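Work through the exercises below with the sequence and the model open. Each task is followed by a solution in steps.

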Amino acid sequence: MKTFLIAALLALSVSTLKVQAEDHPIPRLIQKDGRFALLVDGAPYLILGAQANNSSDWPATLPKVWSAIEFLHANTLEIPIYWEQFEPQQGTFDYTAMDTILAQAREHQVHLVLLWFGTWKNGSQHYMPEWMKLQPERYFHVLNKEGEAIDSPSPFATASLDADIHAFTEFMRHLKAVDPDRTVLMVQVENESGTWGAVRDYSPAAQKVFAGPVPANVLAAMNKVPTTPSTNWQDVFGTEAEVCFHAWAVATYVGKVAAAGKAVYALPLYANAALRDPFKGAPGSYESGGPTDNVLNIWKAAAPAIDILAPDIYLSDTAAYLKVLQLYHRPDNALFVPETSSSPKIARFFFFALGLQAIGYSPFGLDYTRSHAEPAGQADTQNNFLLPTAQNYRLVAPMMRDIALLNFEGKLQAVAEQEGEVTQTLHFEAWDAIVSYGAVRNGTAKGNPEPIGRALVAQLKDNQFLVTGFFSRVDFHPTDAKKHRQFLRVEEGTYENGTFKFARILNGDQTDWGLNFSSEPEVLRVSIATY
Ligand code: DGJ
């Protein structure tokens, strides 16, 4: 009888596991015609993320995080797990931080992107456990040109690599065991890996490899056909040799850590970059070694287990911001912005990212810990720092599944206001959507006093569009210049739990000069015809 009961219970738990696996398959990235979708529970998902102030996030700070996430209407929290906390003694693992974060995320019905703060955090090894920091000869640092150890871990330190592989594998193994619900959607491997203060490692181990041949897969990835018999790094890459070499060394290391973790749990993995200026990023002016735009091909070749190379964008210049989004939106790379600033002028770039089929977007430091230094008396005790992101997410959160699907199908376009450009045109087969900024009634567009406008247009049927935005006007012109546009039906509504709920038909003053959006979240379903 007892044996029968145990067998029955076992059968039950195996079938429960099967149901869970079917209900919640492992999130994965898919690609079609150069467009990507992150599948969560089997359907495209848009990460409306917020990253906590990530340097000192312990379970004790979580109450100050969840209240902000709720205010934002974010669906995903990005939060780190620190190696020093996870493996306080070599080989002894502490799962409490991970388990606490997971349990609280489920309570708050929020997904997670976990950030593995392993060997690198902002180019340094500050989150390595104490037992490693106390053995700098074994877990050695980058040596600069003068032969001095600097505040950055060497990608040639095999003991560090082995230790990171061991810890990250355990991290992924535990995550797989405790997360059948797939609360965690993706994992970031390291944080802004690379080196500040030297363009590469000059340790004896590194010097030897630098003098050797460039691996064939790197030559192919960078489209280099050597013109001399020598294929060493200097001869092949010239002035870019040192940054290419360091990128290859760091990517190879991070790629091995990622591959080991993925072998136990195949979640999508990404690596984030401290950027270089996309227009004038000379070697030495940026963190060397990470997945900056000039070495994306090297990272792709050396770290194939990393699914996405992702830019942390703290640029405020519109052209530079847009350029970065374009550089990371590639047929072999889904666009994902894991960190960016959250000021009112930057918030509009969320729409640029949507227009480039981003699978997710996540401003940094959106919690009430406000841990970075604020000038005395200027601490933002209100929610002002959250408002720009909250405005975007309140609009998009209820329809994020539709947005992700429309984007995957190539039916969505979105733009943000650019200084000096008062109109923008989005091309759909028989229709152009004209977006303009700062127009009042039938007056001409003058631009908003600050460039904060944004708009999104998605084609639902040949002559039907979903239109939304902030501080902008959208109108449609037939591409056949002999014809004119007439509105058949402009439905105003709201999205509730993924479904458009009709509220009223707009006409007259609300449509005679185009479709107008101000500060309130407003969604229109627009049917048009020609005459
Ligand atoms: C970028 C880093 O990735 C984060 O960990 C954090 O230090 C932010 N910068 C602070 O702005």
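The model is predicted.

**Exercise 1. Describe how helix α4 packs against helix α6, from geometry to residues.**

Solution. 
- Step 1: locate the helices. Helix α4 covers residues 96-107 and helix α6 covers residues 158-178.
- Step 2: take the geometry. The two pack at an angle of about 35°, and their axes are 11 Å apart.
- Step 3: assign the hand. The crossing of α4 past α6 is right-handed.
- Step 4: list the partners. From α4 come M98, D99, L102 and R106, which meet F171, H174, L175 and V178 of α6.
- Step 5: sort them by class. The contact of α4 with α6 comprises 5 nonpolar, 1 polar and 2 charged residues.

**Exercise 2. Is A481 buried or exposed, and why?**

Solution. 
- Step 1: A481 sits in the loop that joins β20 (472-478) to β21 (485-496).
- Step 2: apply the cut-off. A481 counts as exposed because its relative accessibility is 73%, and exposed means over 50%.
- Step 3: relate A481 to F385. The two are 96 residues apart in sequence, and their C-alpha atoms are 45 Å apart in space.

**Exercise 3. Decide how far helix α15 is covered, and name its buried residues.**

Solution. 
- Step 1: name them. The buried residues in α15 are P388, T389, A390, Q391, N392, Y393, L395 and V396.

**Exercise 4. Characterise the largest pocket by volume and lining.**

Solution. 
- Step 1: give the volume. The largest pocket holds about 340 Å³ of space.
- Step 2: describe the lining. It is made of 17 residues, and those nearest the centre of the pocket are Y45, A74, N75, Q109 and M400.
- Step 3: sort by class. The lining of the largest pocket has 8 nonpolar, 6 polar and 3 charged residues.

Technical notes:
Residues numbered from 1 in each chain as written. Predicted model: local features only at pLDDT ≥ 70, side-chain atom pairs only at ≥ 80, totals over all residues. Heavy atoms only, no water. Axes fitted to C-alpha atoms, helices over the stretch in contact; angles between N-to-C directions. Helix = DSSP H or I, 4+ residues; strand = E, 2+ residues; numbered from the N terminus. Left-handed = near helix turned anticlockwise from the far one by under 90°. Contact = heavy atoms within 4.5 Å. Nonpolar A, V, L, I, M, F, W, Y, C, P; charged D, E, K, R; others polar. Buried < 20%, exposed > 50% of the residue type's maximum accessible area, 1.4 Å probe, protein only. 1 Å grid on protein atoms, 1.4 Å probe; cavity = no way out; pocket = protein on both sides within 12 Å on 5 of 7 lines; lining within 4 Å. Points joined across faces, edges and corners; volume = space filled by probe spheres on them.
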